[in-house]
Amino acid sequence: MFKSIFDQYDWEEVKASIYAKTSRDVEQALHHQRRTLDDFAALISPAAAPYLGQMAAISHALTRQRFGNTMQLYIPMYLSNECQNICTYCGFSLDNKIRRKTLSSTEILMETAAIKEMGFEHVLLVTGEASQLVGVDYFKKVLQLLRPHFANISMEVQPLDEADYRELSALGLHTVLVYQETYHQDDYKKHHPKGRKSNFDYRLETPDRLGKAGIHKMGLGVLIGLEDWRTDSFYTALHLNYLEKQYWQTKYSISFPRLRPFSGGLTPKVEMSNRELVQLICAYRLFNQEVELSLSTREDEVFRDHIVPLGITSMSAASKTNPGGYTVDPQSLEQFEISDDRSAAAIAAMLKQQGYEAVWKDWDPAFSGEIKKVAG
Amino acid sequence: MEPLLLADKSFSSRLFTGTGKFSSPEVMESALLASGSQLVTVAMKRVDMDNKADDMLQHLAHPGLHLLPNTSGVRTAREAVYAAQLAREAMETNWIKLEIHPDPRYLMPDPVETLQAAAELVKLGFVVLPYVHADPVLCKRLEEVGTAAVMPLGAPIGSNKGLKTFDFLEIIIAQSNVPVIVDAGIGSPSHAAQAMEMGASAVLVNTAIAVARNPVQMAAAFKAAVEAGRMAYEAGLAGSSQHAVASSPLIAFLDEA
């Protein structure tokens, strides 16, 4: 389990070692063919800032070789904003006194029709954490409902047990995203004072449970703005490194959500500039040629347009972050404000203009879950 | 040049191609036409099998261009057999490129699952083209269960590293009774020519064409290289040596006495 590796590292020591990196360390990292965690630390360090141009060029070349001139598109579908957790940075937090909404089967199908109309085949289902109302039984129902409609189904919901993941996987669940938010244990407690989410270790070991359950893909990340992003990203890379060796049949993706404003929310403790986000994205690519790097509509139009050739392999588009946002209940509470509200067609056109093909379908329900008998 | 006989089909082009990583379906189509390829592999997961108007399939609809669905994405023999059956129904071909790479990072083919799936698919009447490591014994085992060819890798998929498995490919080609198609790793026309010169029946190229600055021109370059390599093989290479060969003093005693 990752916990045993995590416990060997001390946050302050890791942080100090990143900030002590020199231009010599960065140059060595740039020259290596296969880069280590230590190289990654150099590439995310302040010392790497003057080398950003070189990093971008390498990142572009590596990404293009591995993923070609393509960009995977997906869209989130928020199913519920019910939540029993208090998270200081989230619009769905229990202490945010707003009207709550959980979609019924009929409403989910209405949202599905709206999403399919835009051309999407890959959907990401999102909820808060309210296990009584929106628990494994609800997810099972939703997967059965949606499997005929989408080529690929991902989920970003509360961490579950291994057996639950196994069951959901058999029903066609392809990918699970579970962000640690921060690997800083004390800070984690501060930002998650109440609810099941306050259990740091259970969350930390979620990727292990997913790996054991044989999930096809899992997504990792931290919420940038809670703590020092360089140190948090080092831990993410450490986690990725461990998981890739342990669960070698699973695909991995990384996201880098920057904290966005929401009604009555937290001001980020740490600001990350665009330049720094580019540095982080390129550093991940130089560290790992195969990992998928995903960018949401949290980022604005100008940034998203320019980041396309720099290492990103999948993007959401036309997102709504509230349950029913596409057609059922556009006014319900959203999780965070999005910054790029262009249509899916506009994003696909932007990609085409840059020489990238928007990939709508890169999976088939036939490839996941339980196998049915083919007639004839 | 001799045509290549594969199962019940004859191919004048020995350059097989893939459909991934292109910047648009239009570029893909132009590149494939420039390559002269007659067999192009399509990942089932990328196409909408229920939709005859699928964008990618539309751009592949050319007489003389045969589609070879592949099972990329499956992790086990069971999943592969199921996927192949769906492909047969949807794409109306019993040809299947069997790809089982449970490792999504390096996309290394699983020999155990591949052999098992191949045996089963042959029984179900498929023309099976399995993607495998350059493993001579595995290639013989696949031939024994009835695959139409073997497709050993030159280097990891998409790596463009060339024939890293050269010595093993030589053994495979030397002892195979079915066509040997070098798949994966071919990064430049010279790599393709090298594979053809050593006697490969065909090569499959995707990334090196799709990701080139000018995919159409690169496709034409591969076409020429594959033809040159094949012609050289058929013409019989003269062989080479690092040193001039002097008459050996080791047998000088034969002339004495």
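**Exercise 1. With which residues is Leu60(B) in contact, leaving aside its neighbours within four places in sequence?**

The model used here is predicted.

Step 1. Locate the residue: Leu60(B) belongs to helix H2 of chain B, which covers residues 55-60.

Step 2. Set aside the neighbours within four places in sequence; the contacts of Leu60(B) are then Val40(B), Val42(B), Leu65(B) and Leu67(B).

Step 3. Take Val42(B) from that list. Val42(B) and Leu60(B) are 18 residues apart along the chain, and their C-alpha atoms are separated by 9.6 Å.

Step 4. Classify the surroundings. Leu60(B) has 18 other C-beta atoms within 10 Å and is therefore partly exposed, because a residue counts as buried at 20 or more and as exposed at 12 or fewer.

**Exercise 2. Decide whether Thr127(A) is buried or exposed, and find its contacts.**

Step 1. Thr127(A) sits in the loop that joins strand S2 (122-126) to helix H7 (136-146) of chain A.

Step 2. Within 10 Å of Thr127(A) there are 26 other C-beta atoms, so the residue is buried.

Step 3. Apart from neighbours within four places in sequence, Thr127(A) is in contact with Leu79(A), Ser80(A), Val134(A) and Val157(A).

Step 4. For Ser80(A), the C-alpha atom is separated from that of Thr127(A) by 4.9 Å, although the two residues are 47 residues apart along the chain.

**Exercise 3. Describe helix H5 of chain A and the two sides of it.**

Step 1. H5(A) runs over residues 52-67, which is 16 residues. From its first C-alpha to its last it reaches 22 Å, close to the 22 Å expected at 1.5 Å a residue.

Step 2. List its buried residues: Met55(A), Ser59(A), Thr63(A), Arg64(A), Arg66(A) and Phe67(A).

Step 3. Look down the axis of H5(A): the buried residues fall within an arc of 165°, so they line one face of the helix. An α-helix has 3.6 residues a turn, so residues three or four places apart point the same way.

Step 4. On the face turned away from the buried side, H5(A) carries the exposed residues Gly53(A) and Ala57(A).

Step 5. The partners of the buried residues of H5(A) are helix H4 (37-43), strand S1 (70-78) and helix H13 (274-287) of chain A.

Step 6. Just after H5(A) comes Gly68(A), with a positive phi of about 70°.

**Exercise 4. Work out how two pairs of helices in chain B are arranged.**

Step 1. Helix H7 (residues 189-197) and helix H9 (residues 215-235) of chain B pack at an angle of about 25°, their axes being 7 Å apart. That angle makes H7(B) roughly parallel to H9(B), and the crossing is right-handed.

Step 2. Residues in this contact include Ala192(B) and Met196(B) of H7(B), and Phe222(B) and Tyr233(B) of H9(B).

Step 3. For helix H4 (residues 111-123) and helix H5 (residues 136-145) of chain B, the axes come within 9 Å and cross at roughly 15°. H4(B) and H5(B) are therefore roughly parallel to each other. H4(B) passes H5(B) in a right-handed crossing.

Step 4. In H4(B), Pro111(B), Leu115(B), Ala118(B), Ala119(B) and Val122(B) meet Leu138(B), Arg141(B), Leu142(B) and Val145(B) of H5(B).

**Exercise 5. Find which element gives the most to the side of chain B that touches chain A.**

Step 1. The contact takes 27 residues from chain B and 23 residues from chain A.

Step 2. On the side of chain B, the elements that give two or more residues are helix H3 (77-91) and helix H8 (207-210).

Step 3. H3(B) gives the most, with six residues.

Conventions
Residues are numbered from 1 along each chain as its sequence is written. Chains are lettered from A and ligands numbered from 1 in the order in which they are written. This is a predicted model: local features need pLDDT of at least 70, side-chain atom pairs count only at pLDDT 80 or more; totals for chains, interfaces and linings use all residues. Helices (H or I, at least four residues) and strands (E, at least two) are DSSP runs, numbered from the N terminus. The expected span of a helix is 1.5 Å times one less than its number of residues. The arc is that of the directions from the helix axis to the C-beta atoms. Two residues are in contact if their C-beta atoms, placed from the backbone, lie within 7 Å. Axes are lines fitted to C-alpha atoms, for helices over the stretch in contact, and angles run from 0 to 180 degrees between N-to-C directions. Angles under 35 degrees count as roughly parallel, over 145 as roughly antiparallel, 65 to 115 as roughly perpendicular and the rest as oblique. A crossing is left-handed if the near helix is turned anticlockwise from the far one by less than a right angle, and right-handed if clockwise.
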